Amino acid sequence: MKKILICLGLSAVALLTGCNRSLDIVNPNQLTAESFWKTDADALAGVNAVYSTLHRGGISRWLPFYYIIRSDEGRSQSPATDIVNNMDQFLVTDYNYGNAYAIWNDNYIGVNRANQVIQNVPNIAMDETLKNRYIGEAKFMRGLFYYHLVTLFGNVPLTLQTSVVGDRPASATIAQVWAQIEKDLTEAAAVLPTTYSGGNLGRATKGAAYALLAKAQMQQQKYTEALTPLQWLADGEGKGIYSLMPNYRDNFLITSENNRESVFEWQFQENPAEFTDDDSQTPNQNYGTSIAQFFGPSGIGWSDGEANRWPIYEFNERTTTNARDPRLEASFLFDSTDVRGPAFTQIYGQTFLQRYGTTNKRVWFRKFQNDHWKNEEGYRSPNNWRYIRYADVLLLYAEALNATGKTTQAYAYVDQVRRRAGLPTLTAARPGLSQAQFLAQLKHERVTELSGEGHRWNDLVRWGDLGPQLASRDPAFSTFVKGKSELLPIPQLDRDLNPNLTQNPNY
């Protein structure tokens, strides 16, 4: 998949960009839509360009900041005060803040690329099964881009046709955006294959569409509806495709990408010739992700984003062999990543003691870092982002079952996750929980299993737990304003160009 994205995906990028500013000038040397969408090779290149959007800086770098650092599990001590104010402390004064605007812009570039595939591929004479697959992949990706947009910005415009200069779509309601996401993912699941092989590994599958559909439904608290796609994954056909990796850490190593626990992951690869995040500038585009550089420990990366310390205390249960939960070491770099302490904890080739002494209490997210194969970070990390893992699916299924009054049935899916970590099953450790008690336990289970993977913000939204009360474990929430801080402001640049866009409440 990585090779396909690089070799084919960008041949159409110049055509498939999403900018439609009023000052756009036609490039006479650029392919036009009329001359491009002719063959099955054009269709493939177009689809690959949609995937390539995930390499752009707004998505591969800044989007994780907003889902991880803005939640209570993350923090920023960056010397760049704009990062601290906008991404951590809810002090948003610039409605055109560049890093937030990059997320908005890049996701809409992805939407427009997907729209072009959906609009043009049906007219190409080619194998019908392959044609339907390409359209399904584009619908999956459009659903993914809108999932980001609705969970971060709320009432965003729905554009379902190729953008043209002069378009001024109105803001849609949040409910309308969710409805379109569900429609796209349902239609994608109907035509996508269950698995791929060889160079196609990493493309959207039926399971990926069902998983993202379930996540969309869960965010709307449509728990009964979410049971259907989750059941396919956990008890149906998906059960024979996906399973938990025996070693939890294998989910975050470059040597075990696209494994059987991966439901959908973003494909990255190192390009030594890169000097730009703009994926229309080939062959010099960064096919990697720079999140490892920006999350890297002090002295290794920029440390613009790091973890709060409270999550490490959630790993408070011993395994059945009386050892520490192995997920703690896999999830965080801190003074006791090695249970023996700072003198034994390795931080990129040196001990924690050597690098930071005895008083440093900072904690960094370890997942998706590269300390397992090199002693430095950079802007070209090839480590894939495991966007949806099967463990996430199992915990979501347990949550949906519990929410629909099936708490007893829900235990089995939490048990699978705990058993892989070496912990006693929840059935043995805490039998007979009430519905409310089981949800409280699930909140704990999702921290220990999924910390630093970008799910925490949406979890807090879904549970209704966002608010200033979180300041007791994350001081940034002392400036959280209910009814405002849940969403980012709609960029003023776009509102100036398009008077049909409505600003979010209290901005």
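A residue counts as buried when its relative accessible area is under 20%. By that cut-off, helix H8 is mostly covered, with 22 of its 26 residues buried. The model is predicted.

**Helix H8**

- Helix H8 runs over residues 128-153.
- From its first C-alpha to its last, H8 reaches 37 Å, close to the 38 Å expected at 1.5 Å a residue.
- At the start of H8, Asp127 places a side-chain oxygen within 3.2 Å of the backbone nitrogen of Thr129.
- Just after H8 comes Gly154, with a positive phi of about 80 degrees.

**Salt bridges**

- Side chains of opposite charge can pair when their charged atoms come close.
- The count of salt bridges in the model is 38.
- One of them joins the side chains of Lys367 and Glu453, at 2.7 Å from N to O.
- Lys367 sits in the loop between strand E7 (364-365) and strand E8 (385-389), and Glu453 in the loop between helix H18 (435-450) and helix H19 (456-463), so this pair ties together parts 86 residues apart in sequence.
- Lys367 and Glu453 are both buried.
- Arg389 and Glu449 form another salt bridge, at 2.9 Å from N to O.
- Arg389 belongs to strand E8 and Glu449 to helix H18, so the pair ties together parts that are 60 residues apart in sequence.
- Arg389 is buried, and so is Glu449.
- Glu449 also meets Arg420 in a salt bridge, at 2.9 Å from N to O.
- This pair links distant parts of the chain: Glu449 is in helix H18, and Arg420 is in helix H16 (residues 407-420), 29 residues apart.
- Both ends of this pair, Glu449 and Arg420, are buried.
- Through shared partners, salt bridges join Glu261, Asp325, Arg327, Lys367, Arg389, Arg420, Glu449 and Glu453 into one network.

- Gln217 lies in helix H10 (residues 206-219).
- Its relative accessible area is 6%, so Gln217 is buried.
- A polar atom of the Gln217 side chain lies 3.5 Å from the backbone nitrogen of Ala226.
- Leaving aside residues up to four places away in sequence, Gln217 touches Glu182, Lys222, Glu225, Ala226 and Pro229.

Note on methods: Residues are numbered from 1 along each chain as its sequence is written. This is a predicted model: local features need pLDDT of at least 70, side-chain atom pairs count only at pLDDT 80 or more; totals for chains, interfaces and linings use all residues. Side-chain values use heavy atoms; hydrogens and water are left out. Helices (H or I, at least four residues) and strands (E, at least two) are DSSP runs, numbered from the N terminus. Buried means under 20% relative accessible area, exposed over 50%, partly exposed in between (1.4 Å probe, protein chains only). A polar contact is a pair of N or O atoms within 3.5 Å; within protein, one must be able to donate a hydrogen and the other to accept it, and residues adjacent in sequence count only if both atoms are side-chain atoms. Contact means heavy atoms within 4.5 Å. A salt bridge is a side-chain nitrogen of Lys or Arg within 4 Å of a carboxyl oxygen of Asp or Glu. The expected span of a helix is 1.5 Å times one less than its number of residues.
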